[in-house]
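Have the sequence and the 3D view open side by side. The text starts at the ligand and then moves to a pair of helices and the whole chain.

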Amino acid sequence: MTSTSTSSATADTATRPTQGAYTLAGVGRAYQQKGRTVQALSRVDLEISSGDMVAIQGPTGGGKSTLLQLLGALDRPSAGTIALGGQLLSQLGDRALGEIRGSQIGFVFQHFNLIPTLTALENVETALVPLRLDAEERRRRASETLASVGLGERGGHLPGELSGGQQQRVAIARAIVKRPAVLLADEPTGNLDEETRDEIMDLLEGLWREQGLTLVIVTHDSAVARRAQRRLHIKQGTVREVS
Ligand SMILES: Nc1ncnc2c1ncn2[C@@H]1O[C@H](COP(=O)(O)OP(=O)(O)OP(=O)(O)O)[C@@H](O)[C@H]1O
Ligand SMILES: [Mg+2]
């Protein structure tokens, strides 16, 4: 049984060896604000292999969220190129970027960002809408994923009826239900106590291991960063490797 699941996981990974791999070359991102230019990132050269777990730390305003938005196809660089799985994100139009976000990239945020008027199950289902599945299949996959993050019994609850840790589990289920190649998390444990933080990190690390995800986590918490295979530090828009 174990060997079967191992070999199928290997086969799955082998068919998409570069799907979650990033190559950034000379990436810069400047924002224009009130006639001033803010250089949020400059000359970033970075390779992230498919299946890597990377933590990004650094002082506030250093450019962490800016980098995550570029990796997440939410934004384009003002200089340089970004490729994901061999596709040049920096050259794609809004529609193509939207399709890549919808199918290949999951996001988790510090403030959970659940829709307050939808139940936990409905929140997870929203991520499947772009895949145009029928309603029954959508519900089935969402329930299965919610159960896999330990919330099988909570599907009917509204976000306001769940604890912070439970809300973050719903947000993680929503991020992974479409089986993305990449999971990007911006301070996913920033609003949680230490015990819940560790539970959420156990969950993320387990998903990373089982699903061969590329996992990138921005964090101010060294206990979170220490769990990653690889650590990057961003300060004043410049990225360096932490050994
Ligand atoms: N939309 C924007 N317009 C103008 N400037 C921006 C915009 N977004 C970010 N910046 C600026 O770019 C720089 C980097 O911001 P970013 O949000 O990436 O920092 P961060 O490392 O994520 O910080 P924090 O730890 O506080 O979340 C900051 O100087 C910020 O003010
Ligand atoms: Mg930020």
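In the shell around ligand 1, α2 gives the most, with three residues. Helices (H or I, at least four residues) and strands (E, at least two) are DSSP runs, numbered from the N terminus. This is a predicted model, in which local features need pLDDT of at least 70 and side-chain atom pairs count only at pLDDT 80 or more, while totals for chains, interfaces and linings use all residues. Residues are numbered from 1 along each chain as its sequence is written, and chains are lettered from A and ligands numbered from 1 in the order in which they are written.

Besides α2 (64-71), the strands β1 (22-33) and β2 (36-48) each supply at least two residues of this shell. The residues that surround ligand 1 are Y31, Q33, V38, A40, G58, T60, G61, G62, G63, K64, S65 and T66 (each has its C-beta atom, placed from the backbone, within 6 Å of the ligand). They divide into three nonpolar, eight polar and one charged. Here Ala, Val, Leu, Ile, Met, Phe, Trp, Tyr, Cys and Pro count as nonpolar, Asp, Glu, Lys and Arg as charged, and the others, Gly among them, as polar.

Next come two helices. Helix α6 (residues 164-176) and helix α7 (residues 194-211) pack at an angle of about 15°, with their axes 10 Å apart. Axes are lines fitted to C-alpha atoms, for helices over the stretch in contact, and angles run from 0 to 180 degrees between N-to-C directions. The two helices α6 and α7 are therefore roughly parallel (an angle under 35 degrees).

Last is the chain as a whole. Its secondary structure comes to eight helices and 10 strands. The C-alpha atoms fill a box of roughly 50 × 40 × 35 Å, taken along the principal axes.

Technical notes
Parallel < 35°, antiparallel > 145°, perpendicular 65-115°, else oblique.
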